[in-house]
Protein chains: 2
Amino acid sequence: MPILVMKFGGTSVANLDRIRRAAKRVGVEVAKGYDVIVIVSAMSGKTNELVGWVGETSPLYDAREYDAVVSSGENVTAGLMALTLQEMDIPARSWQGWQVPVMTTSAHSQARIEDIPPANIKAKFAEGMKVAVVAGFQGVSPEGRITTLGRGGSDTTAVAFAAAFDAERCDIYTDVDGVYTTDPRICDKARKLDRISFEEMLELASLGAKVLQTRSVELAMRYKVKLRVLSSFEEQSDTAGTLVCDEEEIMESNVVAGVAYSRDEAKLTLVSVADRPGIAATIFTALGDAGVNVDMIVQNIGEDGRTDMTFSCPTDQVMRAETAIAEARKENVLNFEELIADKDVAKISVVGIGMRSHTGVAAQMFRVLSAEGINIKIITTSEIKISVLIDRKYMELAVQALHDAFDLDKAG
Amino acid sequence: MPILVMKFGGTSVANLDRIRRAAKRVGVEVAKGYDVIVIVSAMSGKTNELVGWVGETSPLYDAREYDAVVSSGENVTAGLMALTLQEMDIPARSWQGWQVPVMTTSAHSQARIEDIPPANIKAKFAEGMKVAVVAGFQGVSPEGRITTLGRGGSDTTAVAFAAAFDAERCDIYTDVDGVYTTDPRICDKARKLDRISFEEMLELASLGAKVLQTRSVELAMRYKVKLRVLSSFEEQSDTAGTLVCDEEEIMESNVVAGVAYSRDEAKLTLVSVADRPGIAATIFTALGDAGVNVDMIVQNIGEDGRTDMTFSCPTDQVMRAETAIAEARKENVLNFEELIADKDVAKISVVGIGMRSHTGVAAQMFRVLSAEGINIKIITTSEIKISVLIDRKYMELAVQALHDAFDLDKAG
């Protein structure tokens with residue numbers, strides 16, 4: 001039998017009614033002849049409740065106990081889903097991570113899956129079981145303790161199972177019906193993509209499009225797992241949602257696949273830094289040591305042996321960055337006039353594998369923003385992405401203008 | 001190090017504050033030099049929530065999935081308790097049933113513990129761990145699936161651990177401060193017992209004194225585990241609560257240890273049954289096959305070849321009993337005039353190992369009830385117990401009169 005992996009997130013299994021709805025979707029695939037592996041999250045809200053209790057009990061908690069507590073939500077859903085399927089006369093049983101076993105590293109709360117031996121579940125399929133319901137997000141360490149994979153880990157569980165069982169496809173059921181050219185909430189011309197390449201999805205995922213966990217996309221790319229994102233709240237056809245796949249499987253596409261944005265980036269400028277060799281290394285070593293994730297960097301050409309150094313980092317790390325810079329100044333390894341933090345910025349990115357073979361995308365992006373009177377503060381580029389930092393008040397305007405300019409409302 | 005087992009029920013771990021309170025009690029015992037095994041229930045209400053979800057999903061549920069779902073509540077408490085102890089600088093970790101492992105039969109939802117190999121936990125004690133927090137009520141089957149021990153199973157878990165680890169004592173923390181001579185809610189002279197024998201506790205437990213699970217008392221008696229029942233809501237000394245122990249350890253005691261009652265018993269009378277050999281067997285085989293737990297039985301001497309047969313059973317089984325009797329009549333294996341059910345009755349029992357050597361307890365009991373004008377409907381006796389069925393309206397009066405007559409307000 002061909003194997004299909006289906007993953008249902010927290011909102012898709014939020015209560016018994018929704019579990020029944022999800023189970024019906026599973027039934028449709030079983031009727032087509034698939035052996036199905038269902039990966040479930042905790043009922044929405046449950047994991048937050050458990051995380052809250054752990055934090056209240058012990059602010060600097062033992063991650064092993066955190067994992068033991070927090071993993072219980074998925075176990076409940078797995079059992080309830082198996083029971084629901086049985087009520088529909090579909091042979092099903094639940095599996096907790098240690099029962100499969102989902103073997104992970106010992107890095108509690110952020111463990112990585114090392115192996116998923118398929119023998120136990122395959123033996124049950126051979127005996128006539130049609131659906132294995134697996135608690136997502138969890139595994140077991142070499143020491144026999146329960147581990148979790150970090151927030152959103154159920155996506156990763158699903159892709160890892162698809163790889164381990166050589167599944168035909170991995171369907172991720174969520175509360176949106178696919179991956180869009182941009183956020184429909186700020187651009188009403190946003191269009192659902194039928195297909196998107198792993199590389200593009202990775203850029204979009206890490207840029208703030210919260211549809212899929214970055215790690216799950218990486219894993220899918222490495223093992224060539226066909227990943228489909230679709231809504232659990234709509235009737236589905238075989239071509240519903242968005243297929244995330246190898247770029248070879250995408251016949252034709254726009255040069256730009258999507259426009260992403262992020263509000264969570266702040267800009268910091270060190271004004272009039274004494275410009276001497278190694279000064280950039282000094283600044284970014286200090287920030288790195290303090291755990292600040294620096295994203296974009298730009299250095300203005302200096303005069304009189306002084307320069308301005310501008311960088312961006314997540315908004316919630318600004319205070320940490322300021323402290324690290326102040327420390328470095330106190331220790332006399334850094335000499336500057338002032339540090340200016342600007343949280344009123346946003347990052348806009350255009351992403352597309354077509355950029356590899358098409359020149360002029362950056363120039364067009366800058367022209368579009370300029371025509372709208374939007375000033376660009378920092379620019380970074382990768383092979384398939386161009387990102388700019390702008391004033392936050394222009395964020396929506398920039399997204400809409402770029403979406404129009406690159407014809408994203410029309411299929412490629 | 002001597003080992004102590006401490007069990008905390010659902011109300012004793014109902015929220016984070018109560019878990020902290022329980023952890024403090026554990027800390028007191030650790031300070032005395034014990035290695036402690038803590039058995040925890042689910043936070044009160046949690047198991048009912050999970051059981052409700054299972055029932056709503058699947059009325060005739062797969063008990064294996066029921067166990068997988070329902071066991072999760074204890075896992076949460078175990079992790080939170082371990083974290084709380086760690087916050088108090090007490091080296092602790094949690095164990096789920098399969099991690100110990102608590103090996104059980106495959107009788108899901110009512111599994112029996114077969115073995116608890118102590119090696120894993122003992123190795124951790126040897127490494128300096130002071131407290132092993134174990135999720136109660138659960139185990140793992142030979143097939144590697146999660147089992148549960150049935151309602152109240154955490155008491156059984158606690159006693160089984162005390163036996164497996166040769167613990168000095170097994171302390172059961174609950175919401176009452178011990179075992180009483182009778183229910184203080186209906187008799188204000190009720191007195192807490194310092195000690196009670198296993199045999200007496202067994203009779204009281206099965207008679208409706210809901211302090212301890214019957215199975216846990218049986219297990220404690222078999223393995224000579226000293227069992228102490230005490231309140232988690234009061235400051236405790238070494239002699240607090242009630243010690244359930246071998247009768248040899250009770251120096252002197254009253255002839256009667258306690259008065260128990262049960263409202264859950266109904267009386268059924270088959271009027272004018274055709275009295276022929278084997279008629280009792282016919283009636284009680286039919287009832288047994290229908291799953292009716294018959295408790296007391298009395299047969300009136302008949303005239304004209306006919307007799308009256310009276311028996312008692314739990315109130316919620318009356319309808320089942322009536323159906324079984326009606327079936328037998330239809331099949332012509334039973335011939336009687338009418339079946340009268342009386343749910344307005346109560347069972348009153350006096351229990352005490354002293355009865356073995358003291359005669360006249362039954363006579364005194366009947367005199368006391370007669371003096372109060374209370375009519376006795378059925379009588380049964382065992383070596384250490386006398387039970388009578390009376391009109392329910394006299395229940396409180398009977399308990400109070402017997403408590404007085406046997407001097408239960410005074411220590412033996």
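This is a predicted model: local features need pLDDT of at least 70, side-chain atom pairs count only at pLDDT 80 or more; totals for chains, interfaces and linings use all residues.
Chain A holds an open sheet of eight strands. Their order is β3-β6-β2-β1-β9-β11-β12-β10, and the pairing is mixed. The edges belong to β3 (92–95) and β10 (195–197) of chain A. Each has a single partner strand, so one side of each lacks a neighbour in the sheet. From one strand to the next, the twist averages 20°.

Strands β1 (residues 3–8) and β2 (residues 35–40) of chain A run parallel. Six bridges join them. In one of these pairings, Val5(A) has Ile37(A) in β2(A) as its bridge partner.

## Where chain A meets chain B

The contact involves 27 residues of chain A and 27 residues of chain B. On chain A, three helices each supply at least two residues to the side that touches chain B: α2 (46–57), α3 (63–70) and α4 (72–87). α4(A) gives the most, with eleven residues. By class, this side of chain A has 13 nonpolar, ten polar and four charged residues.

## The α4 pair

Helix α4(A) packs against helix α4 (residues 72–87) of chain B. The angle is about 180°, and the axes lie 9 Å apart. Angles over 145 degrees count as roughly antiparallel, so α4(A) is roughly antiparallel to α4(B).

Ser72(A), Asn75(A) and Val76(A) in α4(A) meet Ser72(B), Asn75(B) and Val76(B) in α4(B). This helix contact has two nonpolar and four polar residues. No charged residues take part in the contact of α4(A) with α4(B).

Technical notes: Residues are numbered from 1 along each chain as its sequence is written. Chains are lettered from A and ligands numbered from 1 in the order in which they are written. Two strands pair if DSSP finds at least two bridges between them. Helices (H or I, at least four residues) and strands (E, at least two) are DSSP runs, numbered from the N terminus. Axes are lines fitted to C-alpha atoms, for helices over the stretch in contact, and angles run from 0 to 180 degrees between N-to-C directions. Two residues are in contact if their C-beta atoms, placed from the backbone, lie within 7 Å. Ala, Val, Leu, Ile, Met, Phe, Trp, Tyr, Cys and Pro count as nonpolar, Asp, Glu, Lys and Arg as charged, and the others, Gly among them, as polar. Angles under 35 degrees count as roughly parallel, over 145 as roughly antiparallel, 65 to 115 as roughly perpendicular and the rest as oblique.
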